[in-house]
Amino acid sequence: VSTQSTGTDFICWVMSQLVAVGSGNTLLAYLLALSNNLGLHLQSIVSNSKDEAERLIKENLRNHPTAHSLSDLDKVLSDQNVRFVLVSGVSSPTQVVEKALNAGKHVFITDKPTSGKDWHNVISLAHSKKLKLGFGYTKIHSPEYLHLKNNLSKVGQIMTIRITSRHPKNPTETLESFITDDIRVARWITGEEPVTVYSSFSHSRDHGAILLKFPSGIICLIDISGFSGNGVDHRIEILGDKGMLQINGPTDDILRVYANSESKTRVISDSYLKHYRSSFETQIKNFISLQTEEPEKDLKVVQSVTEFLEQQSKESSKSEKKWAIPNFHTKKDKIRVSILGTGRMGVVRAEGLLANPNATIVYVYDIDLARAEAIASKYGCKAAKTVKEALSDEVDAVFICSTSSGHHELIHEASKSKKNIFCEKPIALTLKETEECLTVAHDNNVLLYCGFHRRCDPEFTALKKGADDGQIGHLAQVSITSRDASSMSSIEYLVTSGNYWYDSLIHDFDISRYVVGADPFEVFTVGTSFIPELKKAKQLDSVAVILRYPKDIVCTIDNNRRATYGYDQRLEVFGNKGKIKVDNKVLSPIIFSNESGFQIETTQDGMTRYKEAYDGEVDHFIDLITGKIPKEKIRVTPDDIIKASVICEAAKLSFESGKTIKLSY
């Protein structure tokens, strides 16, 4: 017993005796954390052999506990002075834990509980004996995660949690134990138990994704892998209706090299044990103070994840029809264009056409004639009073930029007038109407091109090229974040925009197919309405999707209508040799800093973020109908249009039914 005076009080520590059972670097990391704990004394180390235990003590520990082999475990546990047992790196952990509990010891195991009745049994045993059974929930005890939790109020109502959890190959750790850690994080952040659990993993179970939905509507997506090529890659972001919190991983392990006219960033491989060393000490302190945990609730969720893995369907998709590219007419002269719809996108297309030397705007049309006349005056063209006038013989092609609900009718009229058509997404608001549009265009030998602009974005195309060239090895995961700035669209527009699937998510589905270069065969979706006006109108504002692709490729999508910090468009591909990430663009390289931190100016709308993409697809369309590009080089085929629509319908059905939907094309 030792005492320390604190003025008028005396604090007394009784040195509790602890036995460590196991071996390996994880055990060592926790033992080193013990050295800073004044209330705990390491009495013995029990390993596979006494020699192994002695070597561990001699090479790494300043104090001198006694060494034992596993055959001595019962004798060591019989010591009444031993109060705690630390277990790590043993081949049969539940058996060791059960022995220690039956001997009346509190047990801390550095693993996390995984599915299976053995863990349920030892947890029940600990409860029945009123003993503490602690687990190595590493993240929630780390300083950065604790700091994140303390700042949750700053982001308001939590809407989306996105967790990235990638680990280097480690034969002593199972992916399931890391899953448990991430599920605990989600439960800890929300303070709720999930009501929806879905998972999709590779057949080798070394990578996959988990989707959770909580009673309050919060959605959590987890990307997880057991073969990270650049060390531990742990990230978390929490999107709320007032902002976002992020932990982007270890920043002190980044080496930036500026030499020979090159600028490179190299992430020095970070180990799990190094990254969370301060967490180990906190875990031990909480354990010996006998703070309560509820591992059985984690096990319940993990069991649901495991059940999905056991029932996971085989890869299969059915393609019923391949849509041919029509033999549309081309001309070498300057293309004469009408723009139908002079709203936001009509103006974007007018700017792109004015910059193209092979196109000229003849007419603009809008149901609001005054607005059409104002746009016509600005761009030096005529304002058509009717659609028929805008489709006169003076015109070769049309850009349909009206509201989505009007696309179907305008495509039919333009096709029958023999005009090549560029139409903003979506072509139509149902699969049936989309097929009708493609049919009428094909029957009249006109090109119907859909504005999936991300296929023309320089950053996204560079990412795809890098993945196709094998820079990241075998593609395993695609992660898409697609969030509109809260200032970008009015509530009135969102309520009347058709539906979330065709208005917004169709872009995510298309870019996913484009990057992977294949068709998904299964989709699962959850969604929530947080904005009161949208909830009343039965429109979603927050959606998460998991798409399963052949060759064990998994795509996760989080899409939200309400990012208060600006327009958020990110795309990441991950493989067994690395990852490629397209981050958000900034408007200026200037960084302003003061006592509040660092501030950068971000893009607030798609017109700014995707200007190059919008201009690029206008040029591509004009090049197609002037014959400069053969139709075989078209970037958006009729098949691409149909398949995006198929996924929209299936995602909507998945949301409505709460079930996984198989895709047939």
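1. Which residues of helix α2 are buried? In α2, which spans residues 50–60, they are Ala53, Leu56 and Ile57. They share one side of the helix because they cover an arc of only 95 degrees around the axis, the arc being that of the directions from the helix axis to the C-beta atoms. Buried here means under 20% relative accessible area, exposed means over 50%, and partly exposed is in between (1.4 Å probe, protein chains only). Helices (H or I, at least four residues) and strands (E, at least two) are DSSP runs, numbered from the N terminus.

2. Before going on, a word on the source. This is a predicted model, where local features need pLDDT of at least 70 and side-chain atom pairs count only at pLDDT 80 or more, while totals for chains, interfaces and linings use all residues. Residues are numbered from 1 along each chain as its sequence is written, and side-chain values use heavy atoms, with hydrogens and water left out.

3. Back to α2. Its buried residues are covered by elements including α1 (25–34), β4 (40–47) and β5 (66–69); contact, throughout this note, means heavy atoms within 4.5 Å. Turned away from that buried side is a face with the exposed residues Asp51, Lys58 and Glu59.

4. Now the chain as a whole. I get 22 helices and 31 strands, and 56% of the 665 residues are buried. Among contacts with a separation of 6 or more, 73% are between residues 24 or more positions apart.

5. On to charge pairs. Side chains of opposite charge can pair when their charged atoms come close. The whole structure has 44 salt bridges, each defined as a side-chain nitrogen of Lys or Arg within 4 Å of a carboxyl oxygen of Asp or Glu.

6. Have a look at Glu237 and Arg483, which form a salt bridge with the closest N and O atoms 2.8 Å apart. Glu237 sits in strand β13 (residues 233–240) and Arg483 in strand β23 (residues 475–485), so the pair ties together parts that are 246 residues apart in sequence. Both of these residues are buried. They also belong to a salt-bridge network that links Arg162, Asp223, Glu237, Arg483, Asp558, Asp568 and Arg570.

7. Asp233 pairs with Arg235 in another salt bridge, at 2.9 Å between the closest N and O atoms. Asp233 and Arg235 are both buried.

8. Then there's Glu522 with Arg548, a salt bridge of 3.1 Å from N to O. It links distant parts of the chain, 26 residues apart: Glu522 is in strand β24 (residues 522–528) and Arg548 in strand β25 (residues 542–549). Glu522 is buried at 5% relative accessible area, and Arg548 counts as buried at 4%.

9. Arg513, in helix α18 (residues 500–516), is worth a click too. Its relative accessible area is 9%, so it counts as buried. Its side chain makes a polar contact of 3.1 Å with the side chain of Asp640. A polar contact is a pair of N or O atoms within 3.5 Å; within protein, one must be able to donate a hydrogen and the other to accept it, and residues adjacent in sequence count only if both atoms are side-chain atoms. Leaving out residues up to four places away in sequence, Arg513 touches residues including Arg455, Tyr549, Lys643 and Ile647.

10. What about His141, buried or exposed? At 10% relative accessibility, His141 is buried, although it is found in the loop between β8 (133–135) and α6 (143–150). The side chains of His141 and Asn286 are joined by a polar contact of 3.3 Å. Beyond four places in sequence, His141 also touches Leu146, Ser279, Thr282 and Gln283, among others.

11. Ala485 lies in strand β23 and is buried, with a relative accessible area of 1%. Its C-alpha atom is separated by 6.5 Å from that of Asp605, 120 residues apart along the chain. Apart from neighbours within four places in sequence, its contacts are Arg561, Ala563, Gly566, Tyr567 and Gln604.
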